[in-house]
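Biologist: Could you walk me through the labels used for this model and the cut-offs behind them?

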Amino acid sequence: MAMAPGSRCCLLLLLLLLLAVLGAPALGDPGPLEDVVIDRYYIPKICLREAQMGDFIRYHYNGTFKDGKKFDSSYDRGATVAGVVGVGRLITGMDRGLQGMCVNERRHLIVPPHLGYGSIGVAGLIPPDATLYFDVVMLDIWNKNDKLQITTLSKPERCNRTVENSDFVRYHYNGTLLDGTPFDSSYSKGSTYDTYVGTGWLIKGMDQGLLGMCAGEKRSIIIPPFLAYGEKGYGTVIPPQASLVFSVLLVDFHNPKDGVFLEHLEVPETCKRRAVTGDFVRYHYNGTLMDGTLFDSSYSRNQTYNTYIGKGYIIPGMDQGLQGVCIGEHRRVVIPPHLAYGENGAGDKIPGSAVLIFDVHIIDFHNPADPVEIETVFRPEGCNVTSRHRDFVRYHYNCSLLDGTRLFSSHDYEKPQEVTLGANKVIEGLNSGLLDMCAGERRVLIVPPHLGHGESGARGVPGSAVLRFEVELISMEEGVPEGYLFIWHGEPPANLYEQMDLNKDGEIPAEEFSTFIKSQVAEGKGRLMPSSDPEKVIADMFQNQDRNQDGKITPEELKLKSDEDQEKIHEEL
């Protein structure tokens with residue numbers, strides 16, 4: 001039923017009169033508080049969780065009366081307060097005032113007497129009917145049903161393997177309480193934390209939180225107290241019942257049962273031979289830790305690393321990792337620490353227990369027992385005459401390393417290369433490769449260093465380098481035995497001196513000697529040692545016979561090479 005305006009006015013006056021009679025407070029006085037007054041004077045921008053009934057919380061507080069006099073403080077005791085909220089273990093006003101708080105939130109609470117210590121108070125500390133004022137900061141919230149909270153912050157694109165139980169891990173971390181208070185950091189110690197996973201060496205939460213991580217991955221791991229240090233805490237830095245937050249970077253990991261892991265990055269289409277134990281290998285490499293940190297590089301020294309494999313000259317993992325490589329191959333070799341530098345590491349660049357990654361480029365390899373490898377590219381038809389020991393040959397060549405690096409070429413000069421085979425004027429491997437060739441024949445020669453320039457190398461040739469020659473034989477001349485400058489095709493004249501003394505004056509000067517020798521060659525009675533300069537060969541012959549060096553040869557001085565050799569044998573006898 002609707003009421004008239006006049007009637008409503010009368011009713012209001014009656015109510016006011018009734019309140020006055022009953023002794024109600026004046027309108028300017030709010031009277032006793034019915035509930036807790038909550039002032040959320042600081043709220044964090046990020047609030048991942050609010051305290052709920054049944055949650056376990058840790059907090060700091062100051063307790064005062066209305067006049068500001070302090071009656072209690074957790075700060076003064078140097079320890080936070082820990083307990084369960086909303087289940088009657090706290091005074092009712094505090095139970096209500098703490099609910100809904102975020103970690104790091106700050107509140108002012110005004111607790112009326114009936115929600116505090118009531119009309120009894122606390123003897124000697126809180127008088128009866130006292131209103132209590134609390135300044136509270138929330139530090140931690142957790143629940144017995146909580147699980148590990150794992151957040152992946154970053155992860156490498158490539159992840160061939162993740163952490164499993166019994167793996168050995170190396171990681172960096174920053175450890176804080178849930179309110180952000182730091183308690184420990186591996187970075188401040190300048191070294192990773194190294195340990196086994198899943199074997200009880202870590203707190204349970206970290207044991208679980210590291211599982212499934214990739215090398216190079218970053219995680220945030222929030223661990224409730226019952227998976228951390230629980231009721232006891234740890235020393236002075238981790239309070240009892242504290243949740244822990246770890247920011248973790250996994251540097252590397254391995255398992256003690258791991259072997260060498262190989263990744264074939266690039267293998268040449270043609271691989272005639274693979275390296276085996278006892279081979280000598282030249283290779284370039286970059287050595288990195290699992291997080292990509294470079295610890296060594298042969299490229300920075302502009303020099304290959306040269307060594308035998310399978311003989312213990314290098315770390316066991318590399319000894320194994322180079323087995324079966326091809327010349328020109330690019331290979332990645334991942335070596336666990338027990339096959340590298342172990343727990344002690346090496347120098348200041350390889351930490352203890354570090355997994356090593358070598359990106360290797362094989363330049364060449366050989367075996368000390370290798371002969372010259374000869375491949376005939378072209379051989380003319382009807383080839384009946386081939387080059388022999390002591391023959392004088394002319395040839396063109398291109399010389400390179402097995403990785404294609406060009407070293408030398410006869411085409412850079414006006415004339416082909418000339419040499420007497422077996423005269424020790426060229427490396428042994430090239431000399432061998434030029435034997436038994438026809439004029440016009442082309443070959444590819446692979447010369448191992450022990451038949452080339454050896455461990456020391458030569459100008460422009462690295463030490464222990466295998467050489468590749470492309471050779472073409474242009475021409476050849478039949479040679480003479482070692483130590484001879486001229487040989488007779490038959491028996492020499494019985495009266496050699498008289499025939500050589502053309503003007504019959506009893507002496508043979510250089511010009512007369514030269515004329516005679518040339519006539520013998522022209523008539524096919526003998527031949528000179530092949531040379532690009534026959535005049536010099538004849539001059540050397542004359543000098544050998546002119547024993548007193550007076551510019552002429554006498555009968556006493558003229559001797560055949562065979563006679564001289566026979567005299568030496570008699571002298572030795």
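This is a predicted model: local features need pLDDT of at least 70, side-chain atom pairs count only at pLDDT 80 or more; totals for chains, interfaces and linings use all residues.

Modeller: Residues are numbered from 1 along each chain as its sequence is written, and side-chain values use heavy atoms, leaving out hydrogens and water.

Biologist: Why is the pair of Y61 and F134 called edge-to-face?

Modeller: Rings of Phe, Tyr and Trp (its six-membered ring) pair if their centres lie within 6.5 Å; planes under 30 degrees apart are stacked, over 60 edge-to-face, the rest tilted. The centres of Y61 and F134 are 5.9 Å apart and the planes are at 65 degrees, so the pair is edge-to-face. Y61 in strand β2 and F134 in strand β6 are 73 residues apart.

Biologist: How do you know that the charged end of K311 sits over the ring of Y308?

Modeller: The rule asks for NZ of Lys or CZ of Arg within 6 Å of the ring centre and within 35 degrees of the ring normal. The charged end of K311 is 5.1 Å from the centre of the Y308 ring, and is listed as sitting over that ring.

Biologist: What does pLDDT say about residues 1-30?

Modeller: pLDDT is the predictor's confidence in each residue, from 0 to 100. The protein chain averages 91, yet pLDDT stays under 50 over residues 1-30 and also over residues 568-573.

How values were computed:
Contact means heavy atoms within 4.5 Å. Helices (H or I, at least four residues) and strands (E, at least two) are DSSP runs, numbered from the N terminus.
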